[in-house]
Amino acid sequence: MAGETPVDRMELPRPDVTADEAAHILAEHYHLSGTLSELGSQQDRNYQLTSDSGRYVLKICHAAYETQELEAQIAALAHLRAIDGAPRVPSVVPTADGQEIVDVLVRDQTYKVRLLGYLEGESLKDAQRLPQAAISALGALCARLALALSDFNHPGLDRNLQWDLRRAGPVAVQLLSAITDGAARDRIAKAMVAAVRRIQPLAPHLRVQAVHHDVTADNVVGKVNEAGLLIPDGVIDFGDIISGWRAGDLAVTCAALLHQTGGNPFDMLPAIAAYHAIYPLEEVEAKALWPLIVARAVILVASSEQQLAVDPQNDYVLGNLAAERQIFDVATGMSFDLMEAAILQATGFAPAAPDTSSWSAIFPNLQNEIAFLDLSIDGPHFVDGNWREPDFDWRLLARTASETGAAATRYGEYRLSRAAPLSAGEPASFALHSDLCLPARTSIAAPFAGRISWNNQHLILNGDMLSLHLDGIETDLEGEAVVEAGQLLGAVSGEEGALGGLRLQLCQPDLADPPLFATSREAGAWTILCPSMKHLLGASAEAQQPDDAQSLALRQAHFAAPQKHYYATPPQIERGWREYLFDVKGRAYLDMVNNVTILGHGHPYIAEVAAAQWQKLNTNSRFHYGLVAEFSARLASLAPEGLDTVFLVNSGSEANDLALRLAWAHTGARNMLCLLEAYHGWSVASDAISTSIADNPRALETRPAWVHAIACPNTYRGEFRGENAAEAYLQAARSKLDLIELSGAGLAGFICEAVYGSAGGLRLPAGYLAGIYQEVRARGGLCIADEVQVGYGRLGDHFWGFEEQGVRPDIITLAKCMGNGHPLGAVITTKEIAASLEREGYFFSSSGGSPVSCAVGMAVLDVMQADNLQENARQIGAHLRSRLEALAEKHPLLGAVHGMGLYLGAEFVRDAETLEPATHETALICERLLELGVIMQPTGDHLNILKIKPPLCISRDSADFFIDMLDMTLLELA
């Protein structure tokens with residue numbers, strides 16, 4: 001069959017072998033039996049056998065396949081299994097009489113049969129979207145496989161195969177005849193022609209070796225690592241192994257990733273970088289990679305259409321067709337030049353910067369030095385969202401120019417004005433141009449020789465090396481005038497004595513309409529195609545690039561490791577406003593976890609009040625000043641009657657620590673009752689009563705003897721469930737209290753949150769607090785309400801969490817939101833309890849109750865009242881809860897919705913009956929939400945609950961965006 005063309009096999013349907021017939025083959029030739037299930041394939045027929053002796057894969061192919069080709073596959077498996085560090089591959093199982101390939105006759109049709117061991121591991125094929133770690137691992141796996149095959153050879157590798165990208169052009173021509181839709185056929189044909197034109201001059205220089213040629217999610221298996229990510233480490237299905245282009249092998253993997261990266265080809269670059277790090281590409285291979293990916297996309301779509309023409313019931317092909325069409329659409333929708341630049345940069349082959357040392361000055365007569373504006377995320381001109389005003393950058397540029405005589409924006413700057421809150425995709429915020437505001441009639445000269453062309457009113461100077469695009473120029477040049485370096489092109493538009501606007505951009509000569517901005521992922525590639533404006537305007541025209549990796553490394557070098565950060569690779573956040581956070585590259589995130597900034601980030605009134613007070617006075621509370629009295633009185637007025645005495649401290653940990661000291665001093669006892677799964681702070685005492693193993697894995701084994709933890713009254717997954725579970729939990733608490741009483745040591749008190757914060761926003765069962773407060777007080781103890789997270793209007797219907805249970809505590813602790821990010825906490829109690837502490841000595845907190853802290857605390861309460869934020873928490877919280885409950889009806893993974901107001905929890909479970917925590921899935925959800933522009937973190941002892949506690953100023957649109965992104969993420973996980 002040496003003269004056979006690839007198209008001959010394309011016309012073959014899958015072997016017509018039923019499961020019963022496959023079972024007969026297994027019994028006769030392998031002496032095996034068990035349960036059979038069919039595996040998908042385009043032109044083979046594959047069955048999985050599960051038997052008492054293990055799992056196997058029976059592979060049945062047409063007799064048209066040469067035995068030598070199948071022998072090459074078997075030899076490759078043996079070769080790989082003998083190499084240390086090679087990916088895992090299946091074993092070959094011989095027949096009972098020792099044959100590795102056997103001919104069988106089924107209904108007068110001869111087929112070739114092999115049996116392989118089943119390669120254990122989880123598949124990536126069902127993942128709609130792969131995380132970056134898996135993408136990188138897939139590229140590394142492809143490299144390790146290719147490296148291990150680099151010295152493998154076999155006569156069966158030299159064969160005609162429709163997937164061989166060396167033959168992509170002729171194969172596509174044959175396949176196109178099966179496509180009946182003329183428009184689709186033309187589009188596919190044009191795409192292949194464009195790809196082949198790019199490949200042809202590079203083809204003679206591309207290296208050839210044995211390649212698997214189908215390392216895709218369908219053909220790899222992996223294991224879940226410690227971080228809960230599925231990392232591929234094994235390869236199956238060597239049916240496409242050939243002697244082919246190394247670059248083509250990687251192109252196959254990358255093309256498949258276009259479907260599992262959300263349709264953004266830049267997301268596949270980590271796979272290329274990982275491949276290159278293990279098995280380096282040559283520059284010519286890097287240049288050929290994108291056209292090879294496009295060619296693979298063409299063959300995929302055309303082959304599926306052709307296969308369905310001969311085998312219309314092939315579910316495997318039908319199931320893959322939508323993904324293959326997406327791959328084709330993504331591949332053909334991108335610029336060859338842009339993707340080549342991106343790949344060259346990812347592999348370290350990016351070209352050197354152009355030599356512009358001989359260029360002439362573009363403004364030969366400009367008298368004023370150009371002032372370059374800082375419009376970055378750190379820019380000094382931004383406050384209270386003013387960057388969102390239309391044309392703010394231009395107005396600021398004009399104002400600066402009126403003050404300095406000439407002003408310009410910087411190339412390579414991530415502009416805050418381009419940030420896009422409530423956007424699932426990253427913004428195009430990286431400037432590829434400079435805008436200038438100069439005196440009108442300023443002369444403009446050609447920096448290099450070239451020919452003039454026009455794009456509407458847009459003048460382009462086309463040189464040999466680069467083109468210069470100019471907007472805002474008045475010129476007498478016409479048509480395709482040829483100019484020399486230094487020759488005047490025209491002048492800045494406008495009347496003499498006024499200021500005029502000019503836009504400048506450099507780019508590669510064949511780019512007719514380059515973008516003005518790029519996303520952070522695309523920025524590197526675009527800087528190759530649109531070089532820096534420093535070549536025209538000097539070094540100050542280029543913004544310094546943020547190095548978030550270096551900043552993170554500096555943090556890790558000197559900031560103590562126990563002070564953790566969100567996310568494995570966190571964005572570097574440098575600005576906040578309302579419920580939004582902004583990273584150094586202009587990405588806006590919706591902050592759904594920050595219960596500290598209750599009013600929202602960057603509140604201008606709070607900043608104004610703090611600055612004004614700091615300029616006037618800031619000292620400690622041992623001095624007398626009016627603010628400490630006014631703020632203490634105001635806090636007391638918010639508490640229930642009788643709780644009229646206030647301590648001012650710095651944090652929630654300090655507040656809870658002080659509350660324990662008050663209980664000890666007042667009762668003379670030390671034993672404290674607390675709840676499991678709780679978090680109350682980091683100081684020695686507040687940590688002792690914190691039992692959350694999510695915060696401290698050793699919490700339950702390291703509590704001091706005076707701490708007595710009782711069951712969390714979790715009516716969803718606790719020992720006692722349902723709305724009427726309060727009495728059962730109270731009975732368990734009574735048993736613990738009786739033991740304390742029997743010890744004779746006495747009870748100091750009980751502490752808990754009214755809505756169970758770190759456990760996921762759990763609401764306590766009705767009557768629970770009233771019952772346990774009664775039991776504690778009957779034994780002489782005090783009742784402490786920890787309102788640090790859940791109080792201060794966050795619950796919407798109530799200012800304090802304990803109000804929901806209809807109780808009055810003896811001590812209230814609060815912090816976090818009190819200062820909207822300023823360190824401020826408080827303890828509110830009775831005069832009698834406070835006096836107990838004085839018997840042991842004075843209390844003092846150096847910064848607690850300082851004039852600035854008191855001024856900020858008063859201002860926070862003023863804004864909360866003026867903006868009606870508690871009511872907003874009630875309304876938006878109810879809306880959020882309603883939408884979360886609707887999601888729970890749609891997605892089985894979302895097992896329960898906890899909490900109230902703007903302290904909610906969304907709990908994920910793998911099974912609605914067993915309530916197995918979906919810890920791994922919750923981690924993936926949080927990582928995916930980050931990619932979609934939402935800051936979210938898991939909580940609870942199983943880390944399977946989303947802790948939803950945004951600033952109280954959150955809008956309905958923001959709440960809906962969060963739910964929509966969560967819905968999208970859950971659909972991807974389904």
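Which residue's side chain does Lys-890 meet in a salt bridge? The partner is Asp-967, with 2.9 Å from N to O. Lys-890 sits in helix H24 and Asp-967 in helix H26, so this pair links distant parts of the chain, 77 residues apart. How do the two ends differ in exposure? Lys-890 is partly exposed, at 47% relative accessible area. Asp-967 is buried, at 14%. The cut-off here is 20%: anything under that counts as buried.

One caution before we go on. This is a predicted model.

Arg-883 belongs to helix H24, which covers residues 869-890. Asp-960 belongs to helix H26, residues 956-973. This pair, too, spans 77 residues of the chain. Is Asp-960 buried or exposed? Its relative accessibility is 18%, so Asp-960 counts as buried. Arg-883 comes out at 25%, so Arg-883 counts as partly exposed.

Side chains of opposite charge can pair when their charged atoms come close.

How many salt bridges does the count come to? The total is 52.

Here is another of them. Glu-931 and Arg-129 form a salt bridge through their side chains, at 3.3 Å from N to O. Glu-931 is in helix H25, residues 919-931, while Arg-129 is in the loop between strand E7 (122-123) and helix H4 (132-149), so the bridge ties together parts that are 802 residues apart in sequence. Glu-931 has 38% relative accessibility, so Glu-931 counts as partly exposed.

Both residues belong to a network of salt bridges. Its members are Arg-129, Asp-267, Glu-426, Arg-521, Arg-928, Glu-931 and Glu-972.

Next, helix packing. Two packed helices are described by the angle between their axes and the distance between the axes. At what angle do the axes of H4 and helix H7 cross? Roughly 160°, and the axes come within 10 Å. H7 covers residues 246-260. Angles over 145 degrees count as roughly antiparallel, so H4 is roughly antiparallel to H7. The crossing of H4 and H7 is right-handed.

Which residues make the contact? From H4, they are Ile-135, Leu-138, Cys-142 and Ala-146. From H7, they are Asp-249, Leu-250, Thr-253 and Leu-257. By type, the contact of H4 with H7 has six nonpolar residues, one polar and one charged.

Last topic: the backbone. Most residues other than glycine have a negative phi. Two residues here deserve a look.

Start with Asp-391. What is the phi of Asp-391? It is positive, about 55°, although Asp-391 is not a glycine. You will find Asp-391 in the loop between strand E12 (371-372) and helix H12 (392-404). Its relative accessible area is 55%, so Asp-391 is exposed.

Then Tyr-792. Tyr-792 is not a glycine either, and has a positive phi of about 70°. Where is Tyr-792 found? In the loop between strand E34 (782-786) and strand E35 (811-814). Is Tyr-792 buried or exposed? Its relative accessibility is 1%, so Tyr-792 counts as buried.

Asp-391 is exposed, whereas Tyr-792 is buried. Each has a positive phi, about 55° for Asp-391 and about 70° for Tyr-792.

Conventions. Residues numbered from 1 in each chain as written. Predicted model: local features only at pLDDT ≥ 70, side-chain atom pairs only at ≥ 80, totals over all residues. Heavy atoms only, no water. Salt bridge = Lys/Arg side-chain N within 4 Å of Asp/Glu carboxyl O. Helix = DSSP H or I, 4+ residues; strand = E, 2+ residues; numbered from the N terminus. Buried < 20%, exposed > 50% of the residue type's maximum accessible area, 1.4 Å probe, protein only. Axes fitted to C-alpha atoms, helices over the stretch in contact; angles between N-to-C directions. Parallel < 35°, antiparallel > 145°, perpendicular 65-115°, else oblique. Left-handed = near helix turned anticlockwise from the far one by under 90°. Contact = heavy atoms within 4.5 Å. Nonpolar A, V, L, I, M, F, W, Y, C, P; charged D, E, K, R; others polar.
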